[in-house]
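Trainee: I'd like to learn how to read a model like this one, feature by feature. Can we go through it together?

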Amino acid sequence: MSTQTLLTPEAPTSRGARGRGLSSRFRMERVNWPATVLLLLCAVTVLLPLYVTLSMAFKSTGQAVDGNPFSLPAPLSFDGFVQAWKLTTFPVGAGVSLFVTAGTVILTIVLSAFTSYAIVRNWDRKVFRYSFFYLLAAMFIPFPVVALPQIQLTGLVHLDNPVGVILLASMFQLSFSVLLFTAFLRSIPLELEESARIDGASTWSTFWRIIFPLLAPMSATVGIFAFLYAWNDFMMPSLIISDPALQTLPVRQNLFQTQFSNNYNVSFASYLMAMAPAIVAYLFTQRWVMAGVTQGAVKG
Amino acid sequence: MSTTTTTAPAKGRTEQRGRRRVEPIYWFFLLPSLILFTLAITVPGVIGITFSFTDSIGVGDWNFNGLTNYIALFSDPAILQSYLFTFGFSVVTVIVVNVIAFLLAVGLTSRIRFMVGLRTVFVIPMVISGIIIAYVFNFLFSNSLPALGEATGASWLQTSLLANPDLAWVAIVIVTAWQAIPGTLLIYIAGLLSVPGDVYEAADLDGASRTQRLLRITMPLVAGYVVINVILGFKGFLNAYDIIKGLTDGGPGTSTRSIAMSIIAGFNGGDYGYQMANATIFFVVAILISLLQLSLTRGRNAL
């Protein structure tokens, strides 16, 4: 429900929303300009750090150290990007980040959809019911609590690499995702599957042909949470991945806190390259992100 | 498998198929998650709790030492300080985040111009990595603000906020709030939009003022959302790590070291068993808060 209510005002222009929703009497009210101005001012505080990142990244080293972060770059310099690209071995970092993110998103969606389906369809069996509560219990466990043993264990079985991060990150996303999927699956009438089964479809193909497509909106929510977590997280990869050459993009940025600390244009170019993909992805998918986060948070 | 099928009575909503035994494919759906989950979270958890009763330093021999770690914890000023800092920081941040997010949500659901654009902008911080935005703010706090202070002659601005042991936490609250507001905001927007429009119309007819409308109608109707936001936020802030790492790295001294940071620092510092006791206590705290969450939200199923 929250999805729809949230999506309605997302229509391209305010004209689009005018006809529906609130009554016409309410609509006659004038635009609230004080609130608009106030919100625009607040929006500046959101954009300011991003503007600084952008302008610093395009400055020359000489201009970057003069201490004025709000000035526009003059001359426009791409030096920062060239150096940051080399220093952080950006292609490798981006590759690892992409691999970890894709792996976490896919594994989380597939495993939690599988598990939720099995649990909901066998709710009358103790094993499945208890499994549900067992998996849910992990919502109470913060990562720092189990981090140290996990560092040791992943080292022992040679999973102190991006694959290990995928496995651990997916497991931390599992409880929440199973909760969302099971709630959604309970609302799907059994009749939908029965017709397929009468046609002789196995449970496996019923799942893929009927259930999984129906789960799509929930998969989007689950996927968005997994994406934001895996792409942006610093703590887990920094602790689990032991080889610095295989680190994710966020972790690579700590390079600039120790060495090269005065080449601000280089560090900001590097920050920009690390955060840009998520921002661009968000701008293109914002409807789903907003709806998904709302749905996820309210249910969870 | 066969034992479970005999012990589990087929009660409740029985399905036509699988009344006697569970179709094997369901085990294939369930077991990979259960096994992976057990290996990734349960086993480390059990190992951790076990080691909290030992004198292990992370490698080599170790002996059980009973409750020694726990007793030492309660009189360790560094640990007490990390709990005090983390809880204080979380309480302040929860209040700041919820007040700002609620006001923004009221604004964003009122009759304003540029609504779509403004919402897009306000949600952006959510998709940015905490550690990276912390590095950006780190630069602003330690370079730009002091430079601004010198230019304007304002002496209180000239030293970096991050270098002041008494005020560094303010910087952490600001950056954490900057990043946490969008998620909270989206939930409040959903809450505000779920209030039916005719309730407001009725209030208008009765001559209610804008403030009365906010306090008497909006606030009580979104109270459930406030509970959710406060608890989810508080739980998240207790785990604070990335942003603090990028801003102060626990400093100056250990004045902004969070619980998570002290646990992790123990790994490199060689007191593994000791910090596992710390982690176990932190775990108990997390459970207590989650139980509080369950008892508070259960009564508000109206959501």
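This is a predicted model: local features need pLDDT of at least 70, side-chain atom pairs count only at pLDDT 80 or more; totals for chains, interfaces and linings use all residues.

Trainee: Then which residues is Ser112(A) in contact with, leaving aside its neighbours within four places in sequence?

Mentor: Using that cut-off, Ser112(A) touches Leu174(A), Ser177(A), Val178(A), Phe181(A) and Val222(A), once neighbours within four places in sequence are set aside. Ser112(A) itself sits in helix α7 of chain A.

Trainee: Is Ser112(A) buried or exposed?

Mentor: The general idea is to count neighbours: a residue is buried if 20 or more other C-beta atoms lie within 10 Å of its own. Ser112(A) has 28 other C-beta atoms within 10 Å, so it is buried. As for distance, its C-alpha atom and that of Thr203(A), 91 residues apart along the chain, are separated by 17 Å.

Trainee: What about Val136(B), and why does it count as buried?

Mentor: Val136(B) counts as buried because it has 24 C-beta neighbours inside 10 Å. You'll find Val136(B) in helix α6 of chain B, residues 130–152. Its contacts, leaving aside neighbours within four places in sequence, are Pro49(A), Val52(A), Thr53(A) and Tyr271(A).

Trainee: How should I read a helix, say α8(B), and where does it bend?

Mentor: Start with its length, then look for kinks and cover. Helix α8 of chain B runs over residues 168–193, 26 residues in all, and reaches 38 Å from first to last C-alpha, close to the 38 Å expected at 1.5 Å a residue. There is a bend of about 40° at Ala180(B), with a proline, Pro182(B), following within four residues. As for cover, α8(B) has 22 of its 26 residues buried.

Trainee: Where does UniProt put the transmembrane regions of chain A?

Mentor: The unreviewed UniProt entry gives several, including residues 96–120 and 163–185. In the model, residues 96–120 of chain A are 100% helix, with end C-alpha atoms 35 Å apart. Residues 163–185 of chain A are also 100% helix, and their end C-alpha atoms lie 30 Å apart. For chain B, an unreviewed entry places "domain: ABC transmembrane type-1" at residues 83–293. That stretch of chain B is 78% helix and 0% strand.

Trainee: And how is chain A divided into domains?

Mentor: Into domain 1 (20–84) and domain 2 (89–252). Their centres, taken over C-alpha atoms, are 35 Å apart.

Trainee: Last one: which element of chain A has the lowest mean pLDDT?

Mentor: Read pLDDT as the predictor's confidence in each residue, from 0 to 100. Helix α1 of chain A, residues 2–7, has the lowest mean at 37, while helix α7 of chain A, residues 90–121, has the highest at 96. Over residues 1–26 of chain A, pLDDT stays under 50. For chain A as a whole the mean is 85, and 88% of its residues reach 70 or more.

How values were computed: Residues are numbered from 1 along each chain as its sequence is written. Chains are lettered from A and ligands numbered from 1 in the order in which they are written. Helices (H or I, at least four residues) and strands (E, at least two) are DSSP runs, numbered from the N terminus. The expected span of a helix is 1.5 Å times one less than its number of residues. The bend at a residue is the angle between axes fitted to the seven residues ending there and the seven starting there. A residue is buried if 20 or more other C-beta atoms lie within 10 Å of its own, exposed if 12 or fewer, and partly exposed in between; C-beta atoms are placed from the backbone. Two residues are in contact if their C-beta atoms, placed from the backbone, lie within 7 Å. Domain bounds come from an automatic or database domain assignment. UniProt positions are given in the numbering used here, feature names are shortened, and annotations may be inferred rather than shown by experiment.
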